[in-house]
Amino acid sequence: MSTVVVVAAVIVAPGGRVLAAQRAEPAALAGGWEFPGGKVDPGEDERAALVRECREELGVEIAVGERVGGEWTLSPGYVMRVWLCSLASGVPEAKEHLALRWLGPGDYYDVEWLDADLPIMKTVENLLPR
Ligand SMILES: Nc1nc2c([nH]c(=O)n2[C@H]2C[C@H](O)[C@@H](COP(=O)(O)OP(=O)(O)OP(=O)(O)O)O2)c(=O)[nH]1
């Protein structure tokens with residue numbers, strides 16, 4: 001079976017704030033916090049998938065910037081690719097998540113990140129100006 005690619009957006013706002021989103025499902029992940037995104041459709045460009053997912057999940061337009069790291073392993077057969085992004089228009093709304101939070105440099109770890117996302121947050125922390 002081919003690998004499933006998940007794309008995720010670290011949306012960065014002034015002051016080094018990043019947007020965290022609380023998963024609603026499946027039960028095993030519900031309540032955990034992640035970076036918005038989702039699976040790439042067959043034949044779909046990865047950055048286009050990221051833009052589409054942020055539109056669907058948050059109701060915003062994003063600008064996609066630099067990639068964060070290489071591939072982040074989720075589970076066997078699943079990898080995640082992550083980009084730093086900024087908001088181009090709109091205000092994020094939790095259309096598919098339980099909640100959204102903007103986390104500033106003092107509270108990056110105030111949420112229960114999903115296992116895969118904690119190391120991403122640590123890498124992002126080192127990329128953002130303090
Ligand atoms: N979007 C996203 N998914 C993550 C993160 N961390 C993590 O372990 N995952 C897992 C949860 C899911 O098993 C999978 C992504 O699936 P998804 O449910 O977001 O994808 P999707 O929007 O395309 O959903 P669907 O069509 O399957 O309903 O990756 C993350 O930071 N962002």
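Trainee: So, by class, what residues make up the shell around the ligand?
Mentor: That shell has eight nonpolar, two polar and three charged residues. Keep in mind that this is a predicted model.

Trainee: Which of the 13 residues around the ligand come nearest?
Mentor: Glu34, Gly37, Gly38, Lys39 and Ala116 do. Two elements, strand 1 and strand 4 (37-39), each give two or more residues to the shell.

Trainee: And which element gives the most to the shell?
Mentor: Strand 4, with three residues.

Trainee: Step back a bit. How many helices and strands does the chain have?
Mentor: Two helices and seven strands. Going along the sequence, the order is β-β-β-β-α-β-β-β-α.

Trainee: What are the dimensions of the C-alpha trace along its principal axes?
Mentor: About 40 × 30 × 25 Å. The radius of gyration is 14 Å, which agrees with a compact globule, because a compact globule of 130 residues would come out near 14 Å.

Trainee: What share of the residues is buried?
Mentor: Buried residues are 27% of the 130 in the chain. As for contacts with a separation of 6 or more, 66% of them pair residues 24 or more positions apart.

Trainee: On to the inside. Which residues touch the most other members of the largest nonpolar core?
Mentor: That core has 27 residues, and the ones touching the most other members are Ala8, Ala9, Val10, Ile11, Cys54, Ile62 and Val82. Strand 1 (4-13), strand 2 (17-22), helix 1 (46-58), strand 6 (78-89) and helix 2 (118-127) each give two or more residues to this core. The largest share comes from strand 1, with six residues.

Trainee: Why would residues like that collect in one place?
Mentor: In soluble globular proteins, nonpolar side chains tend to be buried together.

Trainee: Take Cys54. What is Cys54 in contact with, leaving aside neighbours within four places in sequence?
Mentor: Ala9, Pro36, Val60 and Ile62. Of those partners, Ala9 and Ile62 are also on the list of core residues that touch the most other members.

Trainee: Last one, Gly16. Where is Gly16 found?
Mentor: In the loop between strand 1 and strand 2. Gly16 is partly exposed, because 17 other C-beta atoms lie within 10 Å.

Trainee: What does Gly16 contact beyond its neighbours within four places in sequence?
Mentor: Gly104, Pro105, Leu128 and Pro129. Val51, by contrast, is 35 residues from Gly16 in sequence and 21 Å away in space, C-alpha to C-alpha.

Note on methods:
Residues are numbered from 1 along each chain as its sequence is written. This is a predicted model: local features need pLDDT of at least 70, side-chain atom pairs count only at pLDDT 80 or more; totals for chains, interfaces and linings use all residues. A nonpolar core is a set of buried Ala, Val, Leu, Ile, Met, Phe, Trp, Tyr and Cys residues joined through C-beta atoms within 7 Å. A residue is buried if 20 or more other C-beta atoms lie within 10 Å of its own, exposed if 12 or fewer, and partly exposed in between; C-beta atoms are placed from the backbone. Helices (H or I, at least four residues) and strands (E, at least two) are DSSP runs, numbered from the N terminus. Two residues are in contact if their C-beta atoms, placed from the backbone, lie within 7 Å. The radius of gyration is taken over C-alpha atoms; the globule rule is 2.2 Å times the number of residues to the power 0.38. A residue is near a molecule or strand if its C-beta atom, placed from the backbone, lies within 6 Å of it. Ala, Val, Leu, Ile, Met, Phe, Trp, Tyr, Cys and Pro count as nonpolar, Asp, Glu, Lys and Arg as charged, and the others, Gly among them, as polar.
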